[in-house]
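This report describes one protein chain, from its overall make-up down to single residues. The sequence and the coordinates are shown first.

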Amino acid sequence: MSDTIAAVSTGSQVCAIGIVRLSGDAAIDIADRLFRPSCGKPMSACEDRKLMYGKLSDADGRLLDVCLCTVSRAPNSYTGENTAEFQCHGSPVVLRAVLEAAFALGARQALPGEFTKRAFCNGRMDLAGAEAVADIIDAETAEAARNAAGQLAGAISRKIDAVYAALTDISSHYHAVLDYPDEDIEPFLIERYREDISRAEKTLGALRASYDRGRLMQSGIPAAIVGRPNAGKSSLLNAVLGYDRAIVTDIPGTTRDTIEEKLKLGGVLLRLTDTAGIRETSDEIERLGVDRSRRAMHEAELVIAVIDGSGEFTSEDADIIKCAETAPHGIVVLSKSDLASRAVIPETALPVVTVSSRTGEGISELESTVRRLFPMPDAPAGEILTNARQFEAVSRALESLTAASQALAIGCTPDIVLTETEAAMSALGELTGRTVRDEVTNRIFERFCVGK
């Protein structure tokens, strides 16, 4: 028996349609007591997943809304339990009244992520799929959403399950021979499984290699706009954002702290930081800003070095370009192209883009350059690792399989090889939820919103 939970699953803002969701043993009974379909049948007599039109009232019979209701019976529902959903007009007042009516009939407030946690506990999805639910809600780019949808559809789980099944075959064969020596079982020869272990290593190696791109895809690429004072850094930030986020003046040193914004540039999610102009200064506050600028530049995955195209090229400009060249990725932006061009940039391996933040000239070229530096991954949607927990589990499994391969190569006894393959199975079980600890699952679902 499970207690019945209820929550508004469409947030607290005014919207066209608001949904109140229930899950648990009493969910359909509560729907019967609150909702009267216009067809005259109770919801308990209606088909699963069929929207019914009718009147929604509280336990005292006071009308709350005229809306839709649907039910799904266990185990064929999202949570694997009896569920009901009221699709109401999206007034927060109405939704709260519906929720309180459900509470009056024995339901309780759902915790963050509790619906999806019940789906996991009831075998409706594995842990990788559950994490994908949160990822698809939090996705900030179409690329991240497609990958999360692929994971929700089981892309990673299928790969992991195939590896797990191959390792299970190896382990079960070994233990069968060991435990039943008198039975007519084919002798265990670990060399027969060399190819299976090698194939599993290749699969896990590709998954682990995808993490760097997945991490950046999910959280955004740390990028820093750097340059001398008045080079046009803040103007560039405002131009790519499409509104005035940073103060722009002709006075050098206006920006004295870092300003960070998330935006999509060329379809790539950036955590873009506008920094204080880099120069030697006796002003203590400005010096602190310059120190933060240098730190942001050294921590960035992408450094955009802005050079004032209307002024003379200086040794400070040269130093800034050199710093951009040492970053994982760099772009030189020759700014203020709407003014007379005087700066002559020395040869550099970095792409150079000429931009006017005032007219917008060159912004599209800057977007194309960013897109070329961070191309879409070749992996099919869903086969990119996006969180540290998955990466750590795959890494441990891969390390164990590498140790198993090395043991094979030097002729170790089968039990040594089997110890490593079973350690790999344990790590993979944590990824999908076969062997995961309660505290880990609790931590995962805590980041979900209420009602999901």
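## Terms and overall make-up

Two strands count as paired if DSSP finds at least two bridges between them. Helices (H or I, at least four residues) and strands (E, at least two) are DSSP runs, numbered from the N terminus. The model is predicted: local features need pLDDT of at least 70 and side-chain atom pairs count only at pLDDT 80 or more, while totals for chains, interfaces and linings use all residues. Residues are numbered from 1 along each chain as its sequence is written, and side-chain values use heavy atoms, with hydrogens and water left out.

The protein chain holds 15 helices and 13 strands. Of its 452 residues, 48% count as buried, where buried means under 20% relative accessible area, exposed over 50%, and partly exposed in between (1.4 Å probe, protein chains only). The chain exposes about 21,500 Å², of which carbon and sulfur atoms supply 52%; accessible areas come from the Shrake-Rupley method with a 1.4 Å probe, and for residues only the protein chains shown count as cover. Among contacts (heavy atoms within 4.5 Å) between residues at least 6 apart in sequence, 65% join residues at least 24 apart.

Strand 1 (residues 5-8) pairs with strand 2 (residues 17-23) in the antiparallel sense over four bridges, and Ala7 has Arg21 as its bridge partner in strand 2. Strand 1 also runs parallel to strand 7 (residues 108-109), joined by two bridges; here Ala6 has Gln109 as its partner. In a regular strand the side chains alternate between the two faces of the sheet. Both faces of strand 1 are covered, with Ile5 and Ala7 buried on one side and Ala6 and Val8 buried on the other.

Strand 4 (residues 52-57) and strand 5 (residues 63-72) are antiparallel, with six bridges, and Gly54 stands opposite Cys67. The two strands form a hairpin with five residues between them, and Gly61 in the turn has a positive phi of about 85°. Strand 5 is also antiparallel to strand 6 (residues 83-89), over five bridges, with Thr70 partnered by Glu85. Pro75 sits in the loop between strand 5 and strand 6, and the peptide bond from Ala74 to Pro75 is cis, with omega near 0°.

An open sheet of six strands has the order 9-10-8-11-12-13, with mixed pairing. Its edge strands, each pairing on one side only, are strand 9 (259-265) and strand 13 (352-354). Neighbouring strands of this sheet are turned by 25° against each other on average, direction ignored.

Within the sheet, strand 8 (residues 221-227) and strand 10 (residues 268-274) run parallel and are joined by five bridges; Ala224 has Thr273 as its bridge partner. Helix 12 (residues 363-373) lies across strands 9, 10, 11 (302-308), 12 (329-335) and 13, running at about 170° to strand 12. Axes are lines fitted to C-alpha atoms, for helices over the stretch in contact, and angles run from 0 to 180 degrees between N-to-C directions.

## Helix 13

The end C-alpha atoms of helix 13 are 31 Å apart, in agreement with the 32 Å that its 22 residues should span at 1.5 Å a residue. The expected span is 1.5 Å times one less than the number of residues. Asn387 caps the N-terminal end, with a side-chain oxygen 3.0 Å from the backbone nitrogen of Arg389. Just after the helix, Gly411 takes a positive phi of about 80°.

The buried residues of helix 13 include Arg389, Gln390, Ala393, Val394 and Ala397. Ser395, also in this helix (residues 388-409), is buried because its relative accessible area is 8%. A polar atom of the Ser395 side chain lies 2.8 Å from the backbone oxygen of Phe391.

Arg49, in the loop between strand 3 (35-37) and strand 4, has a phi near 60°, a positive value in a residue other than glycine. Arg49 is exposed, with a relative accessible area of 55%. Lys336, in the loop between strand 12 and strand 13, likewise has a positive phi near 60°, and is partly exposed at 24% relative accessible area.

Lys452 is in the segment after helix 15 (438-445) and is partly exposed at 23% relative accessible area. Not counting residues up to four places away in sequence, Lys452 touches Arg21, Tyr78, Gly113, Glu114, Phe115, Thr116, Val133 and Ile137. Lys452 and Ala110 are 342 residues apart in sequence and 9.0 Å apart in space, C-alpha to C-alpha.

How values were computed: Polar contact = N/O pair within 3.5 Å; in protein donor to acceptor, adjacent residues only side chain to side chain.
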